[in-house]
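Thanks, everyone. Let me put the model on the screen and walk you through it.

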Protein chains: 2
Amino acid sequence: MSQKAFQDYYTEDFSHCYGCGRLNEHGLQIKSYWDSDESVAKFLPNKHHISVPGFVYGGLIASLIDCHCVGTAAAAIYKTQDRSMDSKPALKFVTASLKVDYIAPTPLGTKLEIRGKIVEIKGKKIVVDAKVIADNKTCATGNVVVVQMPDSMKIK
Amino acid sequence: MSQKAFQDYYTEDFSHCYGCGRLNEHGLQIKSYWDSDESVAKFLPNKHHISVPGFVYGGLIASLIDCHCVGTAAAAIYKTQDRSMDSKPALKFVTASLKVDYIAPTPLGTKLEIRGKIVEIKGKKIVVDAKVIADNKTCATGNVVVVQMPDSMKIK
């Protein structure tokens, strides 16, 4: 995809996240994009992202869902305000809660597709549903409640 | 602690997990123990396990809760059967669902304590509650449904 990922619009101080920060060289560097009214990210797990031989680690799946949904929530809020994601003031979001249902074992060695869909926007709270697809099969679903970053996390 | 961790009893083919496998050199190698009727694991996040500067990545917190609760569920089942965790046949468990509520930002740079408590054992399903404590403050809570490993994940 040639378009810029949601996460590539994040301000520098917000780009160290292990899941999706472009400046975290040890991190997963998840990249999310709009695909019509849904969002999509693709990710090829590393060999060490294993649970039991042949299958992906559930904590990685939770991480993919988490960052993809936070990115989707951020992008959706900018969209509702009819603003570009690099316009000021920057809006920052964090996860309030994360629920993952592991429906089927996720095979290791194939690129995963993580799809997100906005369920609700209510003030500073955004609810996003997600699914993780491997080889055209949904292996996990997620539901993430995203909120604007609290003052206690504000970067000085 | 001098006692052996739950995960150190896992069979070799079940010890590659990114979260808690003793044989995964790139993994987190989470170690869980009984502490009276609760279970406990301690984990010092790495500097790159960051969300925003000063705070721990939520996907790591989800991973810690996940593996700690699966380990706790396994240990509890062996306990109810009055068997050592290295007795045969080996019982293997996986996560069916994972819920994490992020209550407060989790500071980076301090050792985290993950505590687990069995809520319910019903047939092959075990429900475990967890909390993640940093500097004596609960920063996240978790609820994990653990099930016996399905045949589709069986290692040949």
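Is Leu60(A) buried or exposed? Buried: the relative accessible area of Leu60(A) is 4%. Before I go on, one caution: this is a predicted model.

Back to Leu60(A). You'll find Leu60(A) in helix α1 of chain A. Who are the partners? Setting aside neighbours within four places in sequence, Leu60(A) is in contact with Leu28(A), Phe43(A), Pro45(A) and His49(A). Now look across to Thr141(A). In sequence, Leu60(A) and Thr141(A) are 81 residues apart. In space, their C-alpha atoms are 13 Å apart.

Next, the core. The largest nonpolar core has 94 residues. Which of them touch the most other members? Ile65(A) and Ile65(B) do. Take the chain B copy. Residues up to four places away in sequence are not counted here. Ile65(B) touches Leu98(B), Val100(B), Ile114(B), Ala130(B), Val132(B), Thr141(B), Gly142(B) and Val144(B).

Now a lysine. Where is Lys92(A)? Lys92(A) sits in the loop between α1 (58-80) and β3 (93-102) of chain A. Lys92(A) has 16% relative accessibility, so it counts as buried; the cut-off for buried is under 20%. What does the side chain do there? It makes two polar contacts I want to show you. One goes to the side chain of Thr11(A), at 3.4 Å. Another, of 3.2 Å, joins the side chains of Lys92(A) and Asp13(A).

The charged end of Lys4(A) sits over the ring of Tyr9(A), 4.5 Å from the ring centre. Lys79(A) lies over the face of Trp34(A), at 3.9 Å from the ring centre. As for ring on ring, how many aromatic pairs does a search of the whole structure find? Six, over all chains.

Last, the two chains together. Chain A can be laid on chain B by a turn of 180° and a shift of 0.0 Å along the axis, with an RMSD of 0.0 Å. The two copies are thus related as by a two-fold rotation axis. Which C-alpha of chain A is nearest that axis? That of Lys99(A), 2.1 Å from the axis. And the interface? Of the interface residues of chain A, 100% are also interface residues in chain B, so the copies meet through the same surface.

That's my tour. Over to you.

Conventions:
Residues numbered from 1 in each chain as written. Chains lettered and ligands numbered in written order. Predicted model: local features only at pLDDT ≥ 70, side-chain atom pairs only at ≥ 80, totals over all residues. Heavy atoms only, no water. Least-squares fit on C-alpha atoms with pLDDT ≥ 70 in both. Contact = heavy atoms within 4.5 Å. Core = buried A, V, L, I, M, F, W, Y, C linked by side-chain atoms within 4.5 Å. Buried < 20%, exposed > 50% of the residue type's maximum accessible area, 1.4 Å probe, protein only. Helix = DSSP H or I, 4+ residues; strand = E, 2+ residues; numbered from the N terminus. Polar contact = N/O pair within 3.5 Å; in protein donor to acceptor, adjacent residues only side chain to side chain. Phe/Tyr/Trp six-rings, centres within 6.5 Å; stacked < 30°, edge-to-face > 60°. Lys NZ or Arg CZ within 6 Å of the ring centre and 35° of its normal.
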